[in-house]
Amino acid sequence: MSTDTARSSTESNVSGLDYEETELKLALPGASRTPAADADRKRGFSETVADLSLGASRTDSRAGDCSDDSQASAAGKPPAAKAQVVGWPPVRNFRKNVLKSCTYVKVAVDGAPYLRKVDLETYGGYEQLLASLQEMFSCFTIRKYQSERKLVDPVNGTEYMPTYEDKDGDWMLVGDVPWKMFVASCKRIRLMKSSEAVNLAPRETTGCTSTR
Amino acid sequence: MSDDEDDDHRRSIDLAAGDKPGGGVLSSDPPPPFSDQVLENVLENVLQFLTTRHDRNAASLVCRSWYHAEAQTRRELFIGNCYAVAPARAVVRFPRVRAVALKGKPRFADFGLLPLGWGARFAPWAVAFSSAYSWLEKLHLKRMTVADADLALISSSLPLFRELTLFCCDGFGTPGLAYVAENCRRLRVLDLIENDMEDDEDDEVVDWISRFPETHTCLESLVFDCVRCAVNFDALEALVARSPVLCRLRVNPHVTLGQLQRLMARAPQLTHLGTGSFRFGQVGGEQEVDLEPAFVTASRSLVCLSGFRGLTPEFLPAVLPACPNLTSLNFSYAEITAEQLRPIILHCHKLQNLWVLDTVGDEGLQAVAATCKDLRELRVFPFHAIEDSEGSVSDVGLVAISEGCKKLRSILYFCQRMTNAAVVSMSKNCPELVVFRLCIMGRHRPDHRTGEAMDDGFGAIVMNCKKLTRLAVSGLLTDKAFGYIGKYGKLVRTLSVAFAGDSDLGLRYVLEGCPKLQKLEIRDSPFGDLGLFSGIQHYYNMRFLWMSSCKLSLRGCREVAQRLPHLVVEVIRERCEEEENVEAVEKLYLYRSLAGPRSDAPPFVKIL
């Protein structure tokens, strides 16, 4: 039953509206689309598997089964990280907020009388966190030495080391552990004057700090 | 709240058409002396034994005198959609109601799909009830916008009012609670569950707990875990101390372990306890608190335990003494691992309801399956509610549960990956399933072992679970899955669909095949006008249909609206969008109604 073609001709007759705009695609709005995209086709199964990098060996034998009603077409490949969709997965905001609040941490700066709060989950990694801290306490610039990260107050040259208190109550240098582990264990952050930071847990010397 | 069917509205519509004010007998014979009145009295005495609304609806259709007798004796009023009938009409037909259950927004509002200000305000109902229902005792509201002023009105107008349950509501804050505490002298139940409460500014927070009467109260249930601001603890403790029949207490996370201990000492007879957080406060001295003795005492009566928001896992073993008697346990805000769960769950032989986070993993679920042989309801929520997270529960956990918990009736399961085999397994092992809600968080995700669509798994569920009334599907699904649902899902009342199906056929299978379908909510699926039309014979039997990000056109929706005059067809845009004559319909919400198009629709809602 070719309801699809019948429908699309009716619809475009009615409004002249280009249905491709409203077609469901796993891509950010405005992303480029292949010219061969068929307005009413769901993504073919083979594309889904390929894009999701699932068991690649399955694509050929299975492509027939679930594509009876839709012909394979490239409706536009999704970006590597799928765009977040409103309300999906379907978890109530109440619940999301309750669980989310665990990743809010207070940020204190030695010598500054105020505290700020950041939500660690909104950052992808250390770079973004430090950039955000820099913006927040806008007098700092980030200076990177070899494997260390420091924030520097350009006015008086005081160096601050970003440190954090973990779940066990120990104060550690920010950047030592993989990002996700940091997010899970960080209770609060303190920008400590470098001079005071000497007593912290020793850094690992195998120090590649690529922590994404 | 139950999700039972509501009135058979189509029959109500027929009745409404013949409704005459005053309803007298039209026969030309002189009426026999007394017999009408006698009949009415007898009827009322008999009908009072009918309690369920289905029975009452059936009785009301027999004839006019039964209709009147039933209307006079109905004590509990259930309105599944606040826009299906006008408040004035409801109170005129049923003048002696003592309890009302009222539901507002469609469920997808919970996930941000309904713009703010859409409607479902309680205010017009508050006005109607406060003048017409002087004997009103109980009010259960779900997904309504309730203002502080509404609570003020209700609490001051209804002298017998004793039970207020607000579930997933919004629009009120501590001032509203203060009115209730202060004015409702006979209050027995104040249950505030998952409401989105107003964030009062610090200086506007009202100490509502202190407003309860200073004498002994008749409070049986006080649930306030969703109240964001801290309550006056001393006042709370004093309230609990002077509430001798209090058996359900769920506090908010501001209550510390030390404070919890004091509350438990004041109320050793609790059957339901919500611990709030389950961690120590900042105040010193709390480190010495040992809650285990409190739970030993509580174990004599405690059957339901919840809370644990932001818990310190090391102190979890304190609840062990209460475990053997627990029938209901909610760990769904507690980030615990299988290792932390196991020693607790090992003792929960009587458990019937369990809510957990997926941090417990498949191993945690295996531990549950090994012990909780009487489990009826399981909900596994995602800790990271995003599509591509690691995911710690999978088909392995589902199979384990199905093999261990054969009496399972209701399951809600969030996961990253699933297999058809696991779902088939559950369909065979758990024939008592009434509710099956599987959420594979990755959109369009197929069976991770075979690469196939999830059609066969869900097909097996509808085929083998003969009592199934509620179903939520996910993962990669073709029209075939909907074919199964239409063919076998003869008792399905609620169906939830997201990112599924291939064509209008899918929607047609369901609308033509499921005679009991009441609530259908669909998002991001390729169903268009033809699919929509296939439900025209059925929409009057349904409470509502929601379709968003599908392929509907204004013309198609208009046609449905024209053919079904008692249907309200709402086309909803985003708040900020300008009104243009866009043919594509982004959100459709249609529902049967005796009240016609509502007058309180905001500008972004177009009623066709």
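A residue is buried when its relative accessible area is under 20%, exposed when it is over 50%, and partly exposed in between. Glu574(B), at 31% relative accessibility, therefore counts as partly exposed. The structure discussed here is a predicted model.

**Salt bridges**

Over all chains, the count comes to 30 salt bridges.

| Pair | N to O distance | Relative accessible area |
|---|---|---|
| Asp110(B) and Arg143(B) | 2.8 Å | Asp110(B) 11%, Arg143(B) 8% |
| Asp456(B) and Lys480(B) | 4.0 Å | Asp456(B) 33%, Lys480(B) 45% |
| Lys587(B) and Glu574(B) | 2.9 Å | Lys587(B) 5%, Glu574(B) 31% |

The side chains of Asp110(B) and Arg143(B) form a salt bridge that links distant parts of the chain, 33 residues apart. Asp110(B) sits in the loop between strand E2 (99–103) and helix H6 (123–132), and Arg143(B) in the loop between strand E3 (138–142) and helix H7 (148–157). Asp110(B) is buried because its relative accessibility of 11% is under 20%. Arg143(B), with 8%, is buried too. Both residues also belong to a network of salt bridges that includes Arg92(A) and Glu194(B).

Asp456(B) and Lys480(B) are joined by a salt bridge, and this pair again connects distant parts of the chain. Asp456(B) is in helix H16 (residues 455–464) and Lys480(B) in helix H17 (residues 479–488), 24 residues apart. Asp456(B) is partly exposed, and so is Lys480(B).

The salt bridge between Lys587(B) and Glu574(B) ties together parts that are 13 residues apart in sequence, because Lys587(B) lies in strand E20 (residues 584–592) and Glu574(B) in the loop between strand E19 (567–572) and E20. Lys587(B) is buried, whereas Glu574(B) is partly exposed.

**Helix packing**

In chain B, helix H13 (residues 361–371) packs against helix H14 (residues 395–404) at an angle of about 0°, with the axes 8 Å apart. The two helices are therefore roughly parallel to each other. On the H13(B) side the contact is made by Asp362(B), Leu365(B), Gln366(B), Val368(B) and Ala369(B). On the H14(B) side it is made by Val396(B), Gly397(B), Ala400(B), Ile401(B) and Gly404(B).

**Surface patch**

Val38(B), Val42(B) and Val46(B) make a nonpolar surface patch of about 240 Å². Val38(B) is found in helix H2 (residues 35–47) of chain B. Val38(B) has a relative accessible area of 45% and is partly exposed.

Notes:
Residues numbered from 1 in each chain as written. Chains lettered and ligands numbered in written order. Predicted model: local features only at pLDDT ≥ 70, side-chain atom pairs only at ≥ 80, totals over all residues. Heavy atoms only, no water. Patch = residues over 30% accessible without salt bridge, like charges linked within 9 Å, V, L, I, M, F, W, Y side chains within 5 Å. Areas by Shrake-Rupley, 256 points an atom, 1.4 Å probe, with all protein chains shown as cover. Helix = DSSP H or I, 4+ residues; strand = E, 2+ residues; numbered from the N terminus. Buried < 20%, exposed > 50% of the residue type's maximum accessible area, 1.4 Å probe, protein only. Axes fitted to C-alpha atoms, helices over the stretch in contact; angles between N-to-C directions. Parallel < 35°, antiparallel > 145°, perpendicular 65-115°, else oblique. Contact = heavy atoms within 4.5 Å.
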